[in-house]
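Hi,

Here is the structure I promised to pass on. Have a look at it first, and my notes on what turned up follow below.

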Amino acid sequence: MLKRPTSTATAGPGPVPTIIPTPTEWEVLGEAGHRTLWVMFAIMLASSAIFTLLSWNVPTSRRIYHVLTTLTTIIATLSYFAIASGHAASYNCTTVTDIHKHVPDTYHEVCRQVYWARYVDWALTSPLLVLNLSLLAGIDGAHTLMAIVANLITVLSALFAAFGSAGTPQKWGWYAISCISYIFVLWHVGLHGSRNVAAKGNAVSKLFSSLAIFSLAVWTAYPVVWGVVLDHKTNVDTEILIYAVLDTLVKPFFGLWLLVSHRALVETNIDLGGWWSNGPASEGRIRIGDEE
């Protein structure tokens, strides 16, 4: 007797794999970073007040170091206030690909805070620091100007790279331009400064060498940290903390070192009479007894 074949149920299609797209990631400062910004604002403000008091009894004609140093911390004070109050930040967003095995790839954005006020600060204050070192060493105007321009290119290229897309040739191209420009700053200030400062005596030479090595070493740390930040290797709070330490060293600490040493070394004096001390009306002024 033949058995009737039994019917078998046909397996239906299984569940369709689905995935929820990753939402946008926001890399922003936390409470630690916010506190650090306000602490730095207080440090820069106090430093500006101290540098102003140090210049109180210094004749105007010999106050150039005090003016440059005080302007440096005043600009930094405004920059940190702007960042801490939330008025000087933008976002640089990068599209990231999420690779999946059984479904099509998806994409999401990673947006990191970029504090553009920091670059405005550096563009204004780092030339003042370069000018301080150039005046101390007696570097001629041509090399001083070239060092300042190279410094500006360094900062502006860094700004352009900060807003570039991660991993793109353009972003790292701007980073390379920034680093190359910084080498020119080292060359103009370090090489020509060490040659010229010898004419001012051994004491000034030692002071310049110490200040130059210290400041150029700290400045070199900026592009290193910036390159790490550029590739999203650290969070925003850590970035703020590292830059805060570097800013403290190269601005208040450097400024105090320079002004205290300048007061003790007569050879560092730069007597700027005429327009600097008395205004344009003093130029060409005829005094009694000058004419014969």
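**What I found**

The UniProt record, an unreviewed entry, puts the feature "transmembrane region" at residues 37–57, 64–83, 122–139, 146–166, 172–191, 203–228 and 240–260. Those positions follow the numbering used here, feature names are shortened, and such annotations may be inferred rather than shown by experiment.

Before the details, some ground rules: this is a predicted model, with local features needing pLDDT of at least 70 and side-chain atom pairs counting only at pLDDT 80 or more, while totals for chains, interfaces and linings use all residues. Residues are numbered from 1 along each chain as its sequence is written, and side-chain values use heavy atoms, with hydrogens and water left out.

(Helices are DSSP runs of H or I, at least four residues; strands are runs of E, at least two; both are numbered from the N terminus.)

Now the packing. Helix H2 (residues 64–84) and H3 pack at about 165°, their axes 9 Å apart. Axes are lines fitted to C-alpha atoms, for helices over the stretch in contact, and angles run from 0 to 180 degrees between N-to-C directions. That angle makes H2 roughly antiparallel to H3 (over 145 degrees; under 35 is roughly parallel, 65 to 115 roughly perpendicular, the rest oblique). In the contact (heavy atoms within 4.5 Å), H2 brings residues including Tyr-65, Leu-68 and Ile-75, and H3 brings, among others, Arg-118, Asp-121 and Leu-128.

H3 (residues 116–137) also packs with helix H5 (residues 169–196), at an angle of about 20° and with the axes 9 Å apart. That makes H3 roughly parallel to H5. Val-130, Leu-133 and Ala-137 of H3 meet Val-185, Val-189, Gly-193 and Asn-196 of H5.

And the aromatics? The count comes to 12 aromatic pairs, where rings of Phe, Tyr and Trp (its six-membered ring) pair if their centres lie within 6.5 Å, and planes under 30 degrees apart are stacked, over 60 edge-to-face and the rest tilted. Phe-214 and Trp-257 have ring centres 5.6 Å apart and planes at 65°, so this pair is edge-to-face. Phe-214 sits in helix H6 (residues 202–230) and Trp-257 in helix H7 (residues 236–264), 43 residues apart, so to speak linking distant parts of the chain.

Cheers
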